[in-house]
Amino acid sequence: MSTTYVGPDSCDACPGNCNAFGISEYDCKDSFFGGVPPLPQGYGYGIVIAFGVFFSVVTSFLVWLDYRYGGTKQTSEQFNTAGRSVKTGLIANVIVSEWTWAATLLQSSNVAWQYGVSGPFWYASGATIQILLFGILAVELKRKAPNAHTMLEIIRARWGNTAHKVFFFFAIMTNCIVCAMLLLGGAAVTQALTGMNLYAAAVLIPVGVIMYTAHGGLKATFMSTYLHTVVVFIALCLFAFEIYAVPKTGLGSPAVVWEHLMAIAQRGGAHKGPVANNKEGSYITMFSEGGLIFGVINVIGNFGTVFVDQAYWMGAIASKPSASYKGYILGGLMWFSIPFTLATSLGLASVALDLPLTKAEAGSGLVPPAVAVYMLGKSGAVWITIMLFMAVTSTGSAELIAVSSLFSYDLYRTYFNPKATGKDIIRVSRYAIVIFGMLMGVLAIVLFEIGLSLGWVYLFMGIAIGGAVAPIYMALVWSKASAVGAITGAISGTCLGLMAWLVTCQAYYGSINIDNLGGDYPMLAGNLASILSSLFICSAISLWKPQNYDWQTTREIPTVDEDLSAHAPMTGDDSPEAMDRAYKIMLYVGWGLSITLVVIWPLLALPAGVFSKGVSGQEVGQVDEGECIHNLPSARRAPPNRFSTRSHTSQCLPLPSLTPRNDFADFTFWVILSITWGLLATIVSTTLPLWEARESLWTVIHNLFTCSTPTYDDEQSGAAVPGDFAKQAFPAPSFGNLANLEKEEK
């Protein structure tokens with residue numbers, strides 16, 4: 001049933017606070033979740049605990065099958081790098097999973113609620129280009145540091161211990177911010193939907209993740225990310241079709257959503273009206289000052305959370321050389337669909353239905369749950385809770401294994417036990433996973449108590465870690481970059497970013513407090529100052545006193561356990577010559593797609609002004625039944641079902657519309673593009689990893705049902721040729737002055 005505009009004054013009980021489309025259950029409400037949660041508290045504990053245990057058991061079982069029947073040998077290299085042999089499809093899924101935070105699902109719809117169609121676009125494009133450009137570093141890592149376990153090993157091999165310690169601080173701070181955002185969003189939504197205690201949710205959500213990550217390491221993380229990503233994509237498609245193809249929700253088509261958004265912008269609703277600083281106050285235009293400012297902050301801030309986050313380096317380290325750049329290109333394009341499709345659906349629907357969401361609720365990421373509850377009732381709340389749980393746990397698992405690598409390789413092995421064995425590394429990695437996993441919940445609780453929302457922390461992260469982006473990027477791509485330039489640039493950039501943030505807040509608002517510091521202009525100034533000043537300082541000092549580095553010491557970074565990937569000759573698509581070609585391809589593709597997403601696409605959409613509905617042949621002023629504004633309400637009665645609206649008589653007035661100018665400017669085209677992108681991403685993410693792993697899957701299934709296990713030689717296929725490792729210096733010459741192990745043994 002299609003709802004029609006009746007205005008916020010259409011009810012007698014609370015004129016001015018009536019649902020603008022006659023959905024009487026939301027009349028006189030000042031907030032959506034101010035009352036009783038849609039699900040009982042037991043649902044929250046059930047989902048968090050039961051799903052946590054379920055995925056821990058399933059993932060651990062899959063890892064056991066691989067070790068028992070697949071011929072994989074568990075070593076520290078396997079635990080932390082997954083054998084450096086992961087193929088394109090799974091790497092792409094890993095990238096999607098690692099980049100799908102709670103903020104991706106929640107904050108993207110918040111900016112759609114705030115700015116209209118520009119919000120989902122800028123969220124998606126502004127956070128996709130970092131993945132595409134990181135593909136360049138993924139290729140360079142395979143060319144210049146093939147045996148590295150962490151990005152900080154590369155920093156230390158090139159710039160020494162001082163730089164290593166500085167960037168260790170930035171890396172750990174990045175992991176803390178990301179984990180805090182995961183639990184800020186996850187716990188807040190779980191509480192809103194189920195009434196589960198906020199602190200209990202923050203502490204219990206990581207428990208299941210800790211169990212399977214500590215057991216199976218990076219391979220367990222990758223296996224779980226596949227399962228989680230598939231669930232997220234299925235839910236995404238469900239909500240998109242529910243909004244744009246099911247009339248009983250009160251919407252049912254892009255045309256109806258367009259009409260509702262135009263009505264809210266031009267005539268106002270009970271809870272939303274015209275968008276300040278958008279062209280004509282419209283929600284369906286790329287002419288949005290707020291959307292553009294958010295886009296700039298999003299682009300800058302997310303460079304830090306990709307380039308400085310060890311979790312994204314883990315994907316590059318674990319991949320086959322030929323899969324490194326392909327996986328990041330495919331992963332970036334697949335991930336684009338999640339915020340773009342989901343927020344174009346749920347975010348715009350929240351405005352088109354005039355749901356009683358407050359600014360505080362939207363800032364806490366409650367826009368998607370509100371729409372899901374309206375459309376599907378309890379089942380919608382369950383879907384959102386599960387979807388969010390999948391995102392939080394999969395990203396949390398990646399963060400845990402990343403932190404464990406930093407502590408085991410860059411702290412324990414480097415400064416406490418340089419001769420650590422593979423067993424030592426695994427033991428310390430597991431300690432780090434458990435300890436940091438529990439501290440994740442404590443950190444989220446601290447931020448709750450301070451009063452910081454998910455949106456606030458999301459915008460702030462670029463200020464805190466943006467100074468480290470340029471030096472880390474230069475470590476692999478610019479031979480002149482020096483240690484002094486890198487250290488000075490990172491520290492100075494962060495300090496200048498914080499200074500610009502505070503000064504702008506005082507100058508613009510007249511006072512400094514949490515709310516003012518979260519404003520658009522202070523956050524914009526801080527993010528810009530942090531990353532650009534670091535880039536300038538690092539470049540200037542390096543040009544003044546260049547290092548002229550040849551990356552020899554990064555190529556000498558050793559493995560700990562025997563690892564065939566560190567010794568076997570690379571041929572075909574994995575050969576050095578092929579990787580040289582891949583680097584050139586990645587430069588063109590990475591930068592080309594990035595420029596397309598953040599420059600060319602927006603410029604193509606700007607001439608449209610306010611998007612037309614997209615109905616071919618319709619002329620300006622032409623009116624049909626779907627375009628009537630019904631503004632004469634009559635007697636009100638309780639709706640017979642949850643989608644019924646108030647009965648009313650009507651006077652048919654034409655809703656102003658624009659003649660379609662080109663397909664790209666049509667709202668219908670925009671919606672179809674977003675849904676198509678989401679469907680293709682769902683198909684690829686589901687099928688490609690299975691197809692690429694078909695031989696391994698067949699081996700496991702065959703050995704399982706024939707009750708046979710791999711021979712010793714089969715088990716060794718994942719390890720180095722016996723004796724080769726003893727010929728390596730440990731640590732490598734660049735990691736200190738220890739003598740060669742062979743000499744020590746003699």
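Q: Why is the disulfide of C14 and C28 left-handed?
A: The torsion about its S-S bond is about -95 degrees, so the disulfide of C14 and C28 is left-handed. This is a predicted model, where local features need pLDDT of at least 70, side-chain atom pairs count only at pLDDT 80 or more, and totals for chains, interfaces and linings use all residues. Residues are numbered from 1 along each chain as its sequence is written, and side-chain values use heavy atoms, with hydrogens and water left out.

Q: Okay, and what is a disulfide?
A: A disulfide is a covalent bond between the sulfur atoms of two cysteines. Here a pair of cysteine sulfur atoms within 2.5 Å counts as one.

Q: How many disulfides does that rule give?
A: The count comes to 2 disulfides. In one of them, the sulfur atoms of C14 and C28 are 1.9 Å apart. C11 and C18 also form a disulfide, with 1.8 Å between their sulfur atoms. The link of C11 and C18 is left-handed, with -80 degrees about the S-S bond.

Q: New topic! Where is T494?
A: T494 is in helix α19, residues 483–509. Helices are DSSP runs (H or I, at least four residues), as are strands (E, at least two), and they are numbered from the N terminus.

Q: What does the side chain of T494 reach?
A: The T494 side chain reaches the backbone oxygen of A490 at 3.0 Å. That is a polar contact: a pair of N or O atoms within 3.5 Å, where within protein one must be able to donate a hydrogen and the other to accept it, and residues adjacent in sequence count only if both atoms are side-chain atoms. T494 is buried, with a relative accessible area of 11%.

Q: And what about S429, where is that one?
A: S429 is in helix α16, residues 422–450. The side chain of S429 reaches the backbone oxygen of I425 at 2.8 Å. S429 is buried, with a relative accessible area of 0%.

Q: What comes after α16?
A: G451 follows α16, and the phi of G451 is positive, near 100 degrees.

Q: Last topic, rings. How many aromatic pairs are there?
A: The structure holds 32 aromatic pairs. Rings of Phe, Tyr and Trp (its six-membered ring) pair if their centres lie within 6.5 Å; planes under 30 degrees apart count as stacked, over 60 as edge-to-face and the rest as tilted.

Q: So what kind of pair do F121 and W670 make?
A: Their ring centres are 6.2 Å apart and their planes are at 55 degrees, so the pair is tilted. F121 lies in helix α5 (residues 118–144) and W670 in helix α24 (residues 667–692), so the pair ties together parts that are 549 residues apart in sequence. Both F121 and W670 are buried.

Q: Which cluster do they belong to?
A: Ring pairs link F121 and W670 into a cluster with W122, F336, F340, W601, F611 and W677.

Methods:
Buried means under 20% relative accessible area, exposed over 50%, partly exposed in between (1.4 Å probe, protein chains only).
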